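Colleague: I have just opened this one. Can you walk me through it?

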Amino acid sequence: MGERSDHPQGPGAAEDSGAQEIEATVVLGLRITNWPALRAAAIAAVEELDFDGIDPAGQRRDLLREVAEDANAALGALLHPDRLVAAIPGVEAIGGTLEISVTEDFAPDFAELFPLEGDEEDGSGAGADWTLTPRTACLLHAQLLGLADAAYDDLDEHGDDPVAEGEDADWTVFARLPQRTWRLHRGWRRAMARAFDDLADDLALGEWPLPRCLAEEIALRMALLDARALLGAQPESVADMMGDLPADLYDYDWDGCHDELFGVYGPDDGDPELAAEQRTELLLAATHPEGWFLAYEDAEERDGQRGYRR
């Protein structure tokens, strides 16, 4: 006779040993690199779900709206324990929860996203064409995210309340905008907050933050102004923020940012003697703020279903 084994093998092993209940913990670190693709996959997953209850159509509609606007909801739809276990043969889900949180210390690798192309030996970049350097991109990204956060905070605190003269200290972002925007609705303000995020997302993808509409022109101007002010007031804090990012001749060249980032898209008609910023000022004066989010004719439109961070 063969030796007895306590570890049955073969196709009858589960029946011989009895079903086992196992608790598995999986921790994943994820970086979203293509939000439209993630959103499309989540929408497809929700379309396949079966909903019970009084209003299954309404439940599906609400969840579709959530996954179309929120990356966390989209991940939740795709990473739900029932969905994951369904792909594993011979296993039945008996319970489980899913928790998704945003990693606060994540930051794009600006040295990789914006490589310096100067002299390889001395790293000075002298004689090279102007470029958006890793340190400039890092500081500008931080200011854009900070302005977006502050704009959403304004919304959380004030909602549709108008900005009133003498009370602008109670607002962080929207009191800095032209007064004709002070009485605009929550939806407009939310779109303005997203304009900061859109430009920050460009930088996080290694792209120059080229304004594609008037709202983004305003957003980028504010970020450049705040970056310049922070560098002047707290140079040590900025140095700490940079860490080991490589230094370059064009670091914090705000005049160069104005020359190179503005005017790539936008109005190119009118008085040829006027600078791009002057032509934009004329367009801002002639355009109702509701039209600030219309993409310039020569700029690619942003995804209309990209949602909002808040």
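This is a predicted model: local features need pLDDT of at least 70, side-chain atom pairs count only at pLDDT 80 or more; totals for chains, interfaces and linings use all residues.

Colleague: Fine. How many helices and strands are in the chain?

Modeller: The chain has twelve helices and zero strands. Along the sequence the pattern reads α-α-α-α-α-α-α-α-α-α-α-α.

Colleague: And what share of the residues counts as buried?

Modeller: 36% of the 310 residues. The accessible surface of the chain is about 19,300 Å². Carbon and sulfur atoms account for 49% of that surface.

Colleague: What about contacts along the sequence?

Modeller: Take contacts between residues at least 6 apart in sequence. Of these, 70% join residues at least 24 apart.

Colleague: Now the helix pair. At what angle do α9 and α10 pack?

Modeller: About 110°, with the axes 5 Å apart. Helix α9 covers residues 214-233, and helix α10 covers residues 235-242.

Colleague: Why does that pair count as roughly perpendicular?

Modeller: Angles of 65 to 115 degrees count as roughly perpendicular. The angle here is about 110°, so α9 and α10 are roughly perpendicular to each other.

Colleague: Which residues make the contact?

Modeller: From α9, they are L230, L231, G232 and A233. From α10, they are P235, V238 and M241. Six of the contact residues are nonpolar, one is polar and none is charged.

Colleague: Switching to aromatics. How many pairs are there?

Modeller: The structure holds six aromatic pairs. One of them is F110 with F114, a stacked pair. Their centres are 6.4 Å apart, with 20° between the planes.

Colleague: Are F110 and F114 buried or exposed?

Modeller: Both F110 and F114 are buried.

Colleague: Where do W130 and W208 sit in the chain?

Modeller: W130 is in the loop between α6 (110-113) and α7 (134-158). W208 is in the loop between α8 (186-204) and α9. The two are 78 residues apart, so the pair links distant parts of the chain.

Colleague: What about burial for those two?

Modeller: W130 has a relative accessible area of 15%, so W130 is buried. W208 has 30% relative accessibility, so W208 counts as partly exposed.

Colleague: Which residues form the aromatic cluster?

Modeller: W130, W208 and Y250 form one aromatic cluster.

Definitions and conventions. Residues are numbered from 1 along each chain as its sequence is written. Side-chain values use heavy atoms; hydrogens and water are left out. Axes are lines fitted to C-alpha atoms, for helices over the stretch in contact, and angles run from 0 to 180 degrees between N-to-C directions. Helices (H or I, at least four residues) and strands (E, at least two) are DSSP runs, numbered from the N terminus. Angles under 35 degrees count as roughly parallel, over 145 as roughly antiparallel, 65 to 115 as roughly perpendicular and the rest as oblique. Contact means heavy atoms within 4.5 Å. Ala, Val, Leu, Ile, Met, Phe, Trp, Tyr, Cys and Pro count as nonpolar, Asp, Glu, Lys and Arg as charged, and the others, Gly among them, as polar. Buried means under 20% relative accessible area, exposed over 50%, partly exposed in between (1.4 Å probe, protein chains only). Accessible areas come from the Shrake-Rupley method with a 1.4 Å probe; for residues, only the protein chains shown count as cover. Rings of Phe, Tyr and Trp (its six-membered ring) pair if their centres lie within 6.5 Å; planes under 30 degrees apart count as stacked, over 60 as edge-to-face and the rest as tilted.
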